[in-house]
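Hi everyone, thanks for making time.

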Amino acid sequence: MQSVELHAHSSLSYDGRDPVELLLEQASGVGLDALAVTDHDEIDASLRAAELAPEYGLVGIPGMEVTCAAGHVLALGIQEAIPPHLPFDETLDRIREQGGLAVVPHPFQESRHGVLEHISKAELATADAIEVYNSRLLTGRSNRQAERFARRKGLPMTAGSDAHIAEMVGQAVTNVGTDERTVEAILDAIREGKTTVEGKRTPWRISFRQAAGGAKRRVKNGIAELLQ
């Protein structure tokens with residue numbers, strides 16, 4: 001069994017704070033086996049994290065959080081960035097063309113780019129897996145909806161901290177049923193539904209701080225772009 005963080009953001013995300021080294025240090029410190037850095041529409045930091053991960057005793061899973069036309073999709077196990085704003089089905093196809101795994105995070109929370117505002121539940125069911133526990137949701141309702149949907153459709157289930165600061169890596173964990181410590185083995189086991197999830201909600205004060213920090217960085221980046 002491997003304990004895996006599948007949803008975390010570095011400073012390369014517009015709303016992330018910390019470099020990958022701090023995320024890796026936290027993941028190792030809390031006893032995880034693997035970490036996926038999933039920045040918004042960026043992959044460079046994730047590829048670096050995957051390279052550095054063995055130095056921390058971890059498996060590094062390359063990936064990103066793609067902003068498709070319908071909302072957010074986690075692309076795990078890819079090596080090249082997936083373009084944003086493509087249709088949901090094409091985004092899934094692009095991920096799979098690279099041998100990757102398409103996981104839909106927080107699908108029922110429309111306020112955080114959950115895809116169900118723009119696609120049907122039948123389309124959602126074509127994903128490889130559903131994130132059924134996201135630790136940044138302020139209430140448990142959307143997580144419960146996601147879990148009920150995944151169980152009804154027989155879809156693999158994952159969890160993610162959705163950490164935007166290093167301290168929150170490991171808040172929500174996917175336990176993956178494989179003894180082999182490789183990216184391929186972990187992703188294959190998820191595809192086969194060999195997962196259990198566990199986690200605790202991110203304290204609302206930290207969620208607020210992460211959101212406020214992200215907004216501040218977006219403003220700063222916007223001003224920098226205007227001055228170029």
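Let's begin with Arg-94, which is partly exposed, at 29% relative accessibility. Keep in mind, by the way, that what you see is a predicted model. So who does Arg-94 pair up with in a salt bridge? The partner is Glu-90, and the closest N and O atoms are 3.2 Å apart. Glu-90 is partly exposed as well, with a relative accessible area of 29%. Now find helix 3, residues 88–97: Arg-94 and Glu-90 sit four residues apart in it, so about one helical turn separates them.

Next, slide along to helix 6, which covers residues 183–191. Here the side chains of Asp-188 and Arg-191 meet in a salt bridge, at 2.8 Å from N to O. How many residues apart are they in the helix? Three, which again puts about one helical turn between Asp-188 and Arg-191. On the accessibility side, Asp-188 has a relative accessible area of 36%, so we call it partly exposed. Arg-191 comes out at 33%, and that counts as partly exposed too.

Now for a pair where the two partners fall into separate classes. Arg-17 and Asp-18 form a salt bridge between their side chains, with 2.9 Å from N to O. Arg-17 is partly exposed, at 35% relative accessible area. What about Asp-18, buried or exposed? Asp-18 is at 7%, and because the cut-off for buried is under 20%, Asp-18 counts as buried.

If you're wondering about the general idea, side chains of opposite charge can pair when their charged atoms come close. And how many salt bridges does the count come to? Nine, by the rule used here.

Asp-89, Asp-93, Glu-97 and Glu-123 form a negative surface patch. Which helix gives the most to that patch? That's helix 3, with three residues, so we're back on the helix that holds Arg-94 and Glu-90. Glu-123, meanwhile, lies in helix 4, residues 121–124. Patch members need over 30% relative accessible area, and Glu-123 is at 37%, so partly exposed.

That's my tour; happy to go back to any of these on the screen.

Terms used
Residues are numbered from 1 along each chain as its sequence is written. This is a predicted model: local features need pLDDT of at least 70, side-chain atom pairs count only at pLDDT 80 or more; totals for chains, interfaces and linings use all residues. Side-chain values use heavy atoms; hydrogens and water are left out. A salt bridge is a side-chain nitrogen of Lys or Arg within 4 Å of a carboxyl oxygen of Asp or Glu. Buried means under 20% relative accessible area, exposed over 50%, partly exposed in between (1.4 Å probe, protein chains only). Helices (H or I, at least four residues) and strands (E, at least two) are DSSP runs, numbered from the N terminus. Patches are made of residues with over 30% relative accessible area and no salt bridge: like charges are joined within 9 Å, nonpolar side chains (Val, Leu, Ile, Met, Phe, Trp, Tyr) within 5 Å. Accessible areas come from the Shrake-Rupley method with a 1.4 Å probe; for residues, only the protein chains shown count as cover. Lys and Arg count as positive and Asp and Glu as negative; His and the chain ends are not counted. The place of a charge is taken as NZ of Lys, CZ of Arg, CG of Asp or CD of Glu.
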